[in-house]
Amino acid sequence: NDLMQYIDINPIVEKAKELNCPFIAIIGGKGTGKTWGCVDFASKDFFKPASGRPFYYVRRYDKTFTPSLIGNLVNSHRQDIINLSKGKYNTSYLFGKTFKVANESETASGERKRKYVKDIAFCRSLNNVETETGDDKGDISCIIYDEFLTRGNELKDEFLKLNILHSNCTRNRTDRFIPFFLLGNTVSRDSEVAEHFG
């Protein structure tokens, strides 16, 4: 089995910066590494010296934020977490709607202990973004909206909700480019969101 291949997000982000366009759509087949590449980009930013910026992971509905569906989203980057933190952290886990990194060990009695716990990602559902406008998590590295194209129904005013979310996340912190990745693996001719983006 070859090393995991994934989309290199860096040149895409550089082009978006050049165009001053924070919304970046990445559309491709399942298994091409869209989500993996974006989480790789975000986790590497998190461990940069003087960064520590978490990211937002977004889906349409809260019900998709379960350990069985997304629990391994960050931990699939476990070796990078270990390497980039120089061993301070060795795992990540989903706690409610927050991904945390930690140093986990096991005692002689089999009990798991965690120390150095820190937030690396916050989950947000687009359907209730307007009720969470006051929940400011501070400076972030990027926003990853997974499965933005759908064969089902888009949310009412979904394009507007995307803009509200970007505004909520960036606030007045406009001195730095904050990419908003729109990841999709299917194309619908009826996508109002895609139509609004042109």
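Good morning. I begin with a pair of strands: strand E3 (residues 91-95) and E4 run antiparallel and are joined by 5 bridges. Strands here (E, at least two residues) and helices (H or I, at least four) are DSSP runs, numbered from the N terminus, and two strands pair if DSSP finds at least two bridges between them.

A word on the source. This is a predicted model, in which local features need pLDDT of at least 70 and side-chain atom pairs count only at pLDDT 80 or more, while totals for chains, interfaces and linings use all residues. Residues are numbered from 1 along each chain as its sequence is written, and side-chain values use heavy atoms, with hydrogens and water left out.

E4 and E5 form a hairpin with 5 residues between them, and Gly110 in the turn has a positive phi of about 90 degrees. Of the 9 residues of E4, 7 are buried, so the strand is largely enclosed by the rest of the structure. Buried means under 20% relative accessible area, exposed over 50%, and partly exposed in between, with a 1.4 Å probe and protein chains only.

Next, strand E7. E1 and E7 run parallel and are joined by 5 bridges, with Leu183 of E7 as the bridge partner of Ile26. E6 and E7 also run parallel, joined by 4 bridges, and here Ile144 has Phe181 of E7 as its partner. Which residues of E7 point one way, and which the other? Phe180, Leu182 and Gly184 point one way, Phe181 and Leu183 the other, and all are buried. With 5 of its 5 residues buried, E7 is largely enclosed by the rest of the structure.

I turn to the nonpolar cores. Such a core is a set of buried Ala, Val, Leu, Ile, Met, Phe, Trp, Tyr and Cys residues joined through side-chain atoms within 4.5 Å. The largest has 30 residues, and those with the most contacts inside it are Phe55, Tyr57, Phe99, Ile120, Ile144 and Phe181. Among the elements that give two or more residues to this core are H1, E1, strand E2 (55-59), strand E4 (98-106) and strand E5 (112-125). H2 gives the most, with 5 residues. Setting aside neighbours within four places in sequence, Phe99 is in contact with residues including Ile70, Leu73, Tyr93, Ile120 and Cys123, where contact means heavy atoms within 4.5 Å. A second, separate core has 19 residues, including Leu126, Leu155, Phe180 and Val193.

Because 12 of its 13 residues are buried, H2 is largely enclosed by the rest of the structure. At 1.5 Å a residue, its 13 residues should span 18 Å, and the end C-alpha atoms are 19 Å apart, which agrees; the expected span is 1.5 Å times one less than the number of residues.

On a 1 Å grid over the protein atoms alone, a pocket is an open set of points where a 1.4 Å probe fits, with protein on both sides within 12 Å along at least five of seven lines; lining residues have an atom within 4 Å of a point. The lining comprises 23 residues, of which Lys34, Thr35, Trp36, Leu73 and Asp146 lie nearest the centre. The elements that give two or more residues to it are H2, E2, helix H3 (67-70) and E7.

Finally, two backbone details. Most residues other than glycine have a negative phi. Asn20, however, has a positive phi of about 55 degrees; it lies in the loop between helix H1 (10-19) and strand E1 (23-27). Is Asn20 buried or exposed? At 63% relative accessibility, Asn20 counts as exposed. Glu147 has a positive phi near 60 degrees and lies in the loop between strand E6 (143-146) and helix H5 (158-170). Glu147 is partly exposed, with a relative accessible area of 26%.
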